Amino acid sequence: MTKEKSMLAPALQSLPAISGSTPLARAVDYLRISVTDRCNERCLYCLPEQFQAWTPREDILTYTEILAIVEVALKRGFKHFRVTGGEPLLRRDIDSFLRDLIQTPGVETVQLSTNGTRLVELGESLYAAGLRRLNISLDALDPDRYRAITHGEVGPVLAGIRHVKALGFTSIKLNAVLIRHQNEAEIWPLVEFAASLQIPIRFIELMPVSLTEMLTEKNFLPVGEAMALLAERDKLLPWEDKMGHGPAKYYRLKRTGAVVGFIGALTNLHFCEACNKVRLTSDGQLRPCLGHHGEFDLKPALRPQVDQTRLSAFLDQALAEKPPEHAFRDNWQPHRIMTALGG
Ligand code: SAM
């Protein structure tokens, strides 16, 4: 990808923030854990179509190694965990891992991010493992549009969403990445679908976190524009309920009753002020910020055997070096694909 093509940055620098926010002391208590870089979809903005450079299996952390990191994180005040990927439901025995994570003393919440393609098959075993929180990606309802964006089929995903809703998962959220010329016309149908199931939906701005051709200013659709499109049909009322541990700003639509969140990573200039998370990549790199290249390799503290003191020191270092804000607006160039980083 050329530098010019990747630039989401310059025109964005002058954009106003979409909403105010209170500067907070950032208590980092949330770890996103990528369990695999493999995925069974090829979203235009995420995984380059021909991509084959998967992390060698022996470099992927074992569940035991991940749980050792969780133990250390808990001692440092972490409470909230999200399991992601790649597509986490592709990894073998993910339900047993989730059970172990959920049952670890001190763990308060565990969420799973998924593309939803395997939820009909795995919903029961995830529920039986104790999981109650799911974020499901859904960029379009129209089958052709969904296929154009993800190279996958929407039918099994919609069936999966209905299935987990019926099973009684208590927190289900839908996520749609906004892409100009791809899914503007899907915004309202997605909101209506989410409202019909009483599930919140969040719209996410395209971020320069992968190596695909999609990440251009031409394809960038600010959340403010999505809000304006929705405002043509319904009234957006600020929704103050705490809806999780992330940076979304929520609104309730007056007539439809839909709860809609907006994740304006680029246009919300206050986006990073309350950032409470760090990421663990599937190959054992601790990454304090998605929009910075800094990573701390935890492998020397895990292999040949776990060294808790060293792990703890790495975690302290990562927290100390967490940048005040991402560098996305500053012509930032990704150097890894999103599935390796863990979305
Ligand atoms: N496979 C799972 C899924 O589909 O949700 C988890 C991994 S995926 C990388 C996590 C989230 O990152 C998804 O909601 C996806 O849409 C989002 N994502 C990936 N690339 C992105 C990009 N360039 N900009 C914004 N969001 C992105």
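Where in the chain is the place of His181? It is in the loop between β5 and α7, where helices (H or I, at least four residues) and strands (E, at least two) are DSSP runs numbered from the N terminus. The structure is a predicted model in which local features need pLDDT of at least 70 and side-chain atom pairs count only at pLDDT 80 or more, while totals for chains, interfaces and linings use all residues. Residues are numbered from 1 along each chain as its sequence is written, and side-chain values use heavy atoms, with hydrogens and water left out.

His181 has a positive phi of about 70° although it is not a glycine. At 57% relative accessibility, His181 counts as exposed; here buried means under 20% relative accessible area, exposed over 50%, and partly exposed in between, with a 1.4 Å probe and protein chains only. Gln198 can be described alongside it, with a positive phi near 55° in a residue other than glycine. Gln198 follows α7 and lies in the loop between α7 and β6. With a relative accessibility of 70%, Gln198 is exposed as well.

Helix α7 itself (residues 187-196) is mostly covered, with seven of its 10 residues buried. Those buried residues are Ile187, Trp188, Leu190, Val191, Phe193, Ala194 and Ala195. Their cover includes the helices α6 (154-167) and α8 (223-231), together with the strands β5, β6 (201-205), β8 (249-253) and β9 (259-263).

On the scale of the whole protein, there are 10 helices and 12 strands, and buried residues make up 58% of the 343 residues. Contact means heavy atoms within 4.5 Å. Of the contacts with a separation of 6 or more, 75% are between residues 24 or more positions apart. The protein exposes about 14,400 Å², and carbon and sulfur atoms supply 52% of that area; accessible areas come from the Shrake-Rupley method with a 1.4 Å probe, and for residues only the protein chains shown count as cover.

In soluble globular proteins, nonpolar side chains tend to be buried together. A nonpolar core is taken here as a set of buried Ala, Val, Leu, Ile, Met, Phe, Trp, Tyr and Cys residues joined through side-chain atoms within 4.5 Å. The largest such core has 100 residues, and those with the most contacts inside it are Phe81, Leu138, Ile161, Phe203 and Phe262. Helix α2 (residues 63-75) gives the largest share of this core, eight residues. Not counting residues up to four places away in sequence, Phe262 touches Phe203, Val223, Ala226, Met227, Leu230, Leu236, Pro247, Ala248, Lys249 and Tyr251. Thr64 is also placed in helix α2, but this residue is exposed, with a relative accessible area of 62%. The C-alpha atoms of Thr64 and Val306 are separated by 9.7 Å, although the two are 242 residues apart along the chain.

Attention now turns to the ligand. It is surrounded by 19 residues, the closest being Tyr45, Gly86, Glu87, Ser137 and Met207; a residue is near a molecule or strand if one of its heavy atoms lies within 4 Å of it. By class, this shell has eight nonpolar, nine polar and two charged residues. In that scheme Ala, Val, Leu, Ile, Met, Phe, Trp, Tyr, Cys and Pro count as nonpolar, Asp, Glu, Lys and Arg as charged, and the others, Gly among them, as polar. Strands β3 (109-114) and β5 (171-178) each supply at least two residues of the shell. A polar backbone atom of Tyr45 is 3.1 Å from a nitrogen atom of the ligand, while for Gly86 the corresponding distance is 2.9 Å. A backbone N or O atom of Met207 likewise lies 2.9 Å from a ligand nitrogen atom. The protein covers 94% of the 540 Å² of accessible area that the ligand has on its own.

Two further sites complete the description. Arg287, in strand β11 (residues 285-287), counts as buried at 0% relative accessibility. The side chain of Arg287 reaches the backbone oxygen of Leu290 at 3.0 Å, and a polar atom of that side chain lies 2.7 Å from the backbone oxygen of His292. Finally, a cis peptide bond with omega of about 5° joins Arg303 and Pro304, and Pro304 lies in the loop between β12 (296-297) and α9 (308-320).

Definitions and conventions
Polar contact = N/O pair within 3.5 Å; in protein donor to acceptor, adjacent residues only side chain to side chain.
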